[in-house]
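Student: Could you show me how to read the features of a protein model one at a time, starting from a single residue?

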Amino acid sequence: MRARWVWAGLLACCLVVGLGGPWWLRTRAAAQFPVAAADLADARAALTALPVRAPASSDGYERAQFGAAWGDEDHNGCDTRNDVLARDLTAPVVEECVVLRGTLDDPYTGTRIAFARGSGSAAVQIDHVVALADAWQTGAASWSAARRRSFANDPANLLAVDGGANQDKGASDASAWLPPSVGYRCVYVLRQVRVKAAYGLWVTPDERSALARELGRCVIGR
């Protein structure tokens, strides 16, 4: 009888550990990207306030609806792509506004990428955190051309990332795609919520659920 209870106890422990493993791993990964309590509270409030609707039609969407890639909306003499590369790469080498090389610690995959301008430069791409096509279907179709250009070149909505991950994401919202690096997902969705709130975009029901779920997995920094 005693042996039976011992085995039952061991089985229960293994079951608890097994079920808790994924949660523990996610929490440990998220702890690498902690967020401030105030920022998390603001994001949750903003998400609650966002309108929830079905996506509008994609009819009429073209990349050109958001202006040329890339513009110089801040009028600093450099195009937005090179501005973002200079901001996000470690030790960027810049010549007359053009980023020639540097190193990216990619937030989406957790890998380190050596960037060099030239035939292999697509290894690092600039992602619209809220994709342009997604924005089009959640409110941007009614914007002026100037507002769409500003959105497409807003540094708050842009990240230098692994090219393959950017291609995998495409125009997906949070319900269809999240960064492979699980720990970064909190920061990613927090940024999406901020951008959608700032520009008055809406979210779909599935998207809202995905955003809320990932915000619920955030780790607050001490």
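**Reading the model together**

Tutor: Let us begin with contacts, where contact means heavy atoms within 4.5 Å. Leaving aside neighbours within four places in sequence, Lys 169 is in contact with Tyr 108, Asp 127, His 128, Val 129, Val 130, Trp 177, Tyr 188 and Gln 192. The model is predicted, and local features need pLDDT of at least 70, side-chain atom pairs count only at pLDDT 80 or more, while totals for chains, interfaces and linings use all residues. Residues are numbered from 1 along each chain as its sequence is written, and side-chain values use heavy atoms, with hydrogens and water left out.

Student: Where is Lys 169 found, and is Lys 169 buried or exposed?

Tutor: Helices (H or I, at least four residues) and strands (E, at least two) are DSSP runs, numbered from the N terminus, and Lys 169 is found in helix α6, which covers residues 163-169. Buried means under 20% relative accessible area, exposed over 50%, and partly exposed in between, with a 1.4 Å probe and protein chains only; with a value of 1%, Lys 169 is therefore buried.

Student: Which side chain does a polar contact join to that of Lys 169?

Tutor: A polar contact is a pair of N or O atoms within 3.5 Å; within protein, one must be able to donate a hydrogen and the other to accept it, and residues adjacent in sequence count only if both atoms are side-chain atoms. Here the side chain of Lys 169 is joined to that of Asp 127 by a polar contact of 2.9 Å.

Student: What is the place of Gly 163, and which residues does Gly 163 touch?

Tutor: Gly 163 also belongs to helix α6 and, at 3% relative accessibility, counts as buried. Not counting residues up to four places away in sequence, Gly 163 touches Ala 122, Ala 123, Val 124 and Gln 125.

Student: In what order do the three strands form the open sheet?

Tutor: Strands of a sheet pair through backbone hydrogen bonds, either parallel or antiparallel. Two strands pair if DSSP finds at least two bridges between them. In this model the order of the open sheet is β1-β2-β3, and the pairing is antiparallel. Strands β1 (90-95) and β3 (112-116) are the edge strands, each pairing on one side only, and the twist averages 10° from one strand to the next. Strand β2 (residues 98-105) pairs with β3 over five bridges, and Arg 101 stands opposite Ala 116 in β3.

Student: Which helix packs on the sheet?

Tutor: Axes are lines fitted to C-alpha atoms, for helices over the stretch in contact, and angles run from 0 to 180 degrees between N-to-C directions. Helix α3 (residues 80-88) packs on the sheet, where it touches β1, β2 and β3, and its direction makes about 45° with that of β2.

Student: How many disulfides does the structure hold?

Tutor: A disulfide is a pair of cysteine sulfur atoms within 2.5 Å, and the structure holds two of them. In one, the sulfur atoms of Cys 78 and Cys 97 are 1.9 Å apart, and the torsion about the S-S bond is about -55°, so this disulfide is left-handed. The pair links distant parts of the chain, with Cys 78 in the loop between α2 (37-49) and α3 and Cys 97 in the loop between β1 and β2, 19 residues apart. Cys 78 is buried at 13%, whereas Cys 97 is partly exposed at 27%.

Student: Which residue does a disulfide join to Cys 186?

Tutor: Cys 186 is joined to Cys 218, with 2.0 Å from S to S, and this link, with 100° about the S-S bond, is right-handed.
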